[in-house]
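Please look at the sequence and the structure before reading on.

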Amino acid sequence: MGRGSVNVAHLVAEAEARGAMFSIRGDRVHVSASKPLPVKLFEALKRRRDDVMEIVAAMPLLDAEGLPCAACIACGGRLFWKAGSLPPEGPGWHCFRCHPPKPGSWHHACSVPVTDEDELRRDLFEERAAILEHDGGLSRARAEALALEDTARILGLSLDAGRRLIDGV
Ligand SMILES: [Zn+2]
């Protein structure tokens, strides 16, 4: 992920701070806003629509109170932020690790505790590693390396994200 997409995250946050809501409909990003966005901001977002899509797709799941309730699907990170001018509840949360806020900007922060689901994922890894080691006759290190690849594939994560999830970082 290049430096450019970090700036796009800031553009998205700026639009959100102005009341815009982003969502994905099919293969497009949909923006709704109570009042029109400044033309320059809107055009900048349009020019970087692929990056915007990636950012919107990585927005965390929210609980009934509108706070993040699951780890980042892209990196497994548990810390999220949103523009400080927005209420803490509701959409607008972004992953600190994938799309950090503008340095010095005012923002809310929310961290998500480890959930049962994360434990299930780790169990999946442990089980796979044990099978490979005992039934497959592999060394522990080799079994863990292969189990990580399998687990990441099953969960649709990158290897790095899978590793972080399993390490519980
Ligand atoms: Zn992330």
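In what order do the elements of the protein chain run from the N terminus on? The order is α-β-β-α-α-β-β-β-α-α-α, which comprises six helices and five strands. The model is predicted.

The C-alpha atoms of the chain fill a box of roughly 65 × 30 × 30 Å along the principal axes. The chain has 169 residues, and 28% of them count as buried. Among contacts with a separation of 6 or more, 50% come from residues 24 or more positions apart.

The chain is divided into two parts, domain 1 (3–111) and domain 2 (116–167). Their centres, taken over C-alpha atoms, are separated by 31 Å. Five residues from domain 1 and five residues from domain 2 make the contact. On the domain 1 side, four of these residues are nonpolar, one is polar and none is charged.

| Core | Residues in the core | Some members |
|---|---|---|
| Largest nonpolar core | 21 residues | C72, A74, C75 and C95 |
| Second, separate core | eleven residues | V8, A9, V12 and A83 |

In the largest core, C72, A74, C75 and C95 have the most contacts inside it. The elements that give two or more residues to this core are β3 (79–83), α4 (116–134), α5 (140–155) and α6 (159–167). Why does this core lie between domain 1 and domain 2? Both domains give residues to the core, so it lies between them.

Leaving aside neighbours within four places in sequence, A74 is in contact with A58, C95, C98 and A161.

Key:
Residues numbered from 1 in each chain as written. Predicted model: local features only at pLDDT ≥ 70, side-chain atom pairs only at ≥ 80, totals over all residues. Domains from an automatic or database assignment. Contact = placed C-beta atoms within 7 Å. Nonpolar A, V, L, I, M, F, W, Y, C, P; charged D, E, K, R; others polar. Helix = DSSP H or I, 4+ residues; strand = E, 2+ residues; numbered from the N terminus. Buried ≥ 20, exposed ≤ 12 C-beta atoms within 10 Å, placed from the backbone. Core = buried A, V, L, I, M, F, W, Y, C linked by C-beta atoms within 7 Å.
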